[in-house]
Amino acid sequence: MMRISEVAEDDGSGSGPGVQAYYAQFADTLAERYESVSFEHVHAALLDLLPEAPARVLDVGAGTGRDAAALARLGHRVVAVEPVAELRRVAERLHGEEEGINWRRGALPELAELDGEFNGGFDAILLSAVWMHLLPQERPVALRRLAELLAPGGVLLISLRRGEPPRERRMFDVPASEVAEQGRAAGFEIVRQAGGERDHLGRDDVSWEALALRGAGR
């Protein structure tokens, strides 16, 4: 079996094949890891900012579906977007019985698969451990696209992995201050920034920051 350290890096193009290849190769192993911690624990710093149910929520980079399923159980109507087919299959196997989830393929920065049908339609958008994979030039583009997808006054909730990136896949250590600055340029208001949270999986070299941005009213 291929070791994690042997997975090739991507070619630097968007959510490139190397990043997706890593998650495809280890989908089942990663599912055990991700599903071992709860949505409520991982997102405790931001949960009170979720709109009242029922709301339309977009989960970008939904992975194994843990967060999408939790949001659906809270009464929200969820669109769960994930570019890696293997992770989507795991998500539907683990959480396919959950009502209120629309499983979709798609990736930042464009999320072109959501054009037209969903523009301006989401009351909240969640990005959990996703931003770290975007190239520097993609991040402002992604924020503008997310602003298009939010309903007036909607909230964008982002968790940011901090620490030295691993070498087996493309990843960046992106501070909340950078996202906040680019978010303001895209028309967002920063409503919360929380940092220094210990890693939920017990990794000593990883910590997390949380950022909440409010979309402009239209």
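Helix α5 spans residues 85–95, and its buried residues are L87, R88, V90, A91 and H95. Buried means under 20% relative accessible area, exposed means over 50%, and partly exposed lies in between, with a 1.4 Å probe and protein chains only. Helices (H or I, at least four residues) and strands (E, at least two) are DSSP runs, numbered from the N terminus.

This is a predicted model, in which local features need pLDDT of at least 70 and side-chain atom pairs count only at pLDDT 80 or more, while totals for chains, interfaces and linings use all residues. Residues are numbered from 1 along each chain as its sequence is written, and side-chain values use heavy atoms, with hydrogens and water left out.

Stay with α5 for H95. H95 is buried, with a relative accessible area of 13%. Its side chain makes a polar contact of 3.1 Å with the side chain of E35. A polar contact is a pair of N or O atoms within 3.5 Å; within protein, one must be able to donate a hydrogen and the other to accept it, and residues adjacent in sequence count only if both atoms are side-chain atoms. Beyond its neighbours within four places in sequence, H95 is in contact with E35, T64, G65, R66, A69 and W103. Contact means heavy atoms within 4.5 Å.

Helix α4 covers residues 66–73, and seven of its eight residues are buried, so it is largely enclosed by the rest of the structure. The buried residues are R66, D67, A68, A69, A70, L71 and A72. After α4 comes G75, with a positive phi near 105 degrees.

Next, the nonpolar cores. A nonpolar core is a set of buried Ala, Val, Leu, Ile, Met, Phe, Trp, Tyr and Cys residues joined through side-chain atoms within 4.5 Å. The largest has 29 residues, and those with the most contacts inside it are L58, L108, I125, L127, W131, L146 and L156. At least two residues of this core come from each of β1 (56–60), β2 (77–81), β4 (122–128), α6 (138–149), β5, α7 (176–185) and β7 (207–214). α6 gives the most, with five residues. L58 touches V79, V81, L114, F122, A124, I125, L126 and L149, not counting residues up to four places away in sequence. A second, separate core has 22 residues, including L49, L50, I101 and L157. In soluble globular proteins, nonpolar side chains tend to be buried together.

Strand β5 (residues 150–162) also holds S159. S159 is buried, with a relative accessible area of 10%. A polar atom of its side chain lies 2.9 Å from the backbone nitrogen of A129. A129 belongs to the loop between β4 and α6. A129 is not a glycine, yet its phi is positive, about 55 degrees. At 23% relative accessibility, A129 is partly exposed.

L111 also has a positive phi without being a glycine, near 45 degrees. L111 lies in the loop between β3 and β4. At 0% relative accessibility, L111 is buried. P109 is found in the loop between β3 (101–104) and β4. The peptide bond from L108 to P109 is cis, with omega near 10 degrees. A cis peptide bond also joins A53 and P54, with omega about 0 degrees. P54 lies in the loop between α3 (39–42) and β1.

Now the rings. The whole structure holds three aromatic pairs. Rings of Phe, Tyr and Trp (its six-membered ring) pair if their centres lie within 6.5 Å; planes under 30 degrees apart count as stacked, over 60 as edge-to-face and the rest as tilted. Y22 and Y23 pair edge-to-face, 5.1 Å centre to centre with 90 degrees between the planes. Y22 and F26 form a tilted pair, 5.4 Å centre to centre with 50 degrees between the planes. Y22, Y23 and F26 form one aromatic cluster. Both Y22 and Y23 are buried, and so is F26.
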